[in-house]
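This report is for a reader who has not seen the structure before. Please look through the sequence and the model before reading on.

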There are 2 protein chains.
Amino acid sequence: MSNLADGMEDYLKKLLTLSASGYIDIKRKELAGKFNCVPSQVNYVLETRFTLEKGYLVESKRGGKGFVRIRKLQASLENLLDMFVQDIITGRISDDRARGLIQRLYDLKYISLRESRLMEAALDSLNIIKDKSLQETLRGWLLKDMLLMLIKFA
Amino acid sequence: MSNLADGMEDYLKKLLTLSASGYIDIKRKELAGKFNCVPSQVNYVLETRFTLEKGYLVESKRGGKGFVRIRKLQASLENLLDMFVQDIITGRISDDRARGLIQRLYDLKYISLRESRLMEAALDSLNIIKDKSLQETLRGWLLKDMLLMLIKFA
DNA sequence: TTTATACTTTGACTATCTTTGACCTTTTAT
DNA sequence: ATAAAAGGTCAAAGATAGTCAAAGTATAAA
């Protein structure tokens, strides 16, 4: 008998393969109910099994009619991401490295010239931050959020 | 099945696109009746979805023959500058206003959908900053740098 | 077999978004 | 003036989801 987390993982992955849209929407509480566990267990499964490195994107909304949406990335995007995931998940990234990644995205025709410049401009704005540590952290988030946005609407 | 507020938002936006005059007049109580909710729900939708920053103007009148008028502002650069002059001067801007500006730039066809999303993603990343003051300042720079870049390479 | 380490499960507390209702103000009709 | 007919405000309640750290379990190393 496998554990709860593995069971929930399998269940969600199965739903995903059955889904035509490439994503599924679930209710955290309902899912927890189905597996007879606390709702936060769902978060655990999402955090450990449906990560970016593994090719998944998770979005959610709170409040009435809220949801958790799990999206399976296309293989091509996964490959692309593989190159950056390491930088992204460490959470911090140097300016040079960040600009290198943007250049790479452009070379791969994944973003337009204007888009690359937009991303670079965003990086520029971080230069007014005195605290170098905060700067690196923020740069990591900036890059990650922009990249995820591109992927989400690919 | 989406929630009440989203449904009402969609309904009103649809009416707006169908309207030749550029605005629609509704009766708060009637609308609430159609959606089977309390009248103040209408206010909630107006306050969260039809704000000035998002390019809408809401006027109303009480008493007999009362109404609520929702107008989609036509975007123009002049218009935009007027609306955001204060932010530009102070160099600080709230999240809502920043997103509104981006939306308006997109309405104006100054930026593409992807570009607008990139800019929004950049804004997202600032949310990890605890210090609200620093956050507002940084947001100002971020927006300014991205905007200048767009202009420079227009 | 014990111990150390990694993985899983739980629950209390928090954050966010939505819905409702009681009470308030303005405008019009008589 | 007054009553009737709108619309407005605000705070509480409801509906979800997120975080974090403690407690429980399984696995690997000694």
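## Basis of the model

This is a predicted model, in which local features need pLDDT of at least 70 and side-chain atom pairs count only at pLDDT 80 or more, while totals for chains, interfaces and linings use all residues. Residues are numbered from 1 along each chain as its sequence is written, chains are lettered from A and ligands numbered from 1 in the order in which they are written, and side-chain values use heavy atoms, with hydrogens and water left out.

## Chain A

Chain A contains seven helices and three strands. Here helices (H or I, at least four residues) and strands (E, at least two) are DSSP runs, numbered from the N terminus. Along the sequence, their order in chain A is α-β-α-α-β-β-α-α-α-α.

Taken along the principal axes, the C-alpha atoms of chain A fill a box of roughly 50 × 35 × 35 Å. Chain A has 154 residues, of which 44% are buried; buried means under 20% relative accessible area, exposed over 50% and partly exposed in between, with a 1.4 Å probe and protein chains only. Contact means heavy atoms within 4.5 Å. Among contacts in chain A between residues at least 6 apart in sequence, 55% join residues at least 24 apart.

## DNA strand C

A residue is near a strand if one of its heavy atoms lies within 4 Å of it. There are 27 residues around DNA strand C, and Ser40(A), Tyr44(A), Ser40(B), Tyr44(B) and Arg62(B) come nearest. This surface divides into 10 nonpolar, 10 polar and seven charged residues. In these classes, Ala, Val, Leu, Ile, Met, Phe, Trp, Tyr, Cys and Pro count as nonpolar, Asp, Glu, Lys and Arg as charged, and the others, Gly among them, as polar.

A polar contact is a pair of N or O atoms within 3.5 Å; within protein, one must be able to donate a hydrogen and the other to accept it, and residues adjacent in sequence count only if both atoms are side-chain atoms. Phosphate oxygens of DNA strand C lie 2.8 Å from a polar backbone atom of Ala5(A), 2.8 Å from a polar side-chain atom of Gln41(A) and 2.9 Å from a side-chain N or O atom of Lys61(A).

## DNA strand D

DNA strand D is surrounded by 26 residues, the closest being Arg28(A), Asn43(A), Arg28(B), Ser60(B) and Arg62(B). By class, four are nonpolar, 11 polar and 11 charged. Of the atoms of DNA strand D within 4 Å of the protein, 60% belong to sugar or phosphate and the rest to bases.

A polar side-chain atom of Asn43(A) lies 2.8 Å from a phosphate oxygen of DNA strand D. Arg62(A) has a polar side-chain atom 3.1 Å from a sugar or linking oxygen of DNA strand D.

## A helix pair between the chains

Helix 6 (residues 113–125) of chain A and helix 7 (residues 132–152) of chain B have axes that come within 8 Å and cross at roughly 145 degrees. Axes are lines fitted to C-alpha atoms, for helices over the stretch in contact, and angles run from 0 to 180 degrees between N-to-C directions. The contact of helix 6 of chain A with helix 7 of chain B has nine nonpolar, one polar and four charged residues.

## Asn3(B)

Asn3(B) lies in the segment before helix 1 (4–18) of chain B. Asn3(B) is buried, with a relative accessible area of 16%. Its side chain reaches the backbone nitrogen of Asp6(B) at 2.8 Å. Leaving aside neighbours within four places in sequence, Asn3(B) is in contact with Lys61(A), Gly64(A) and Lys65(A).
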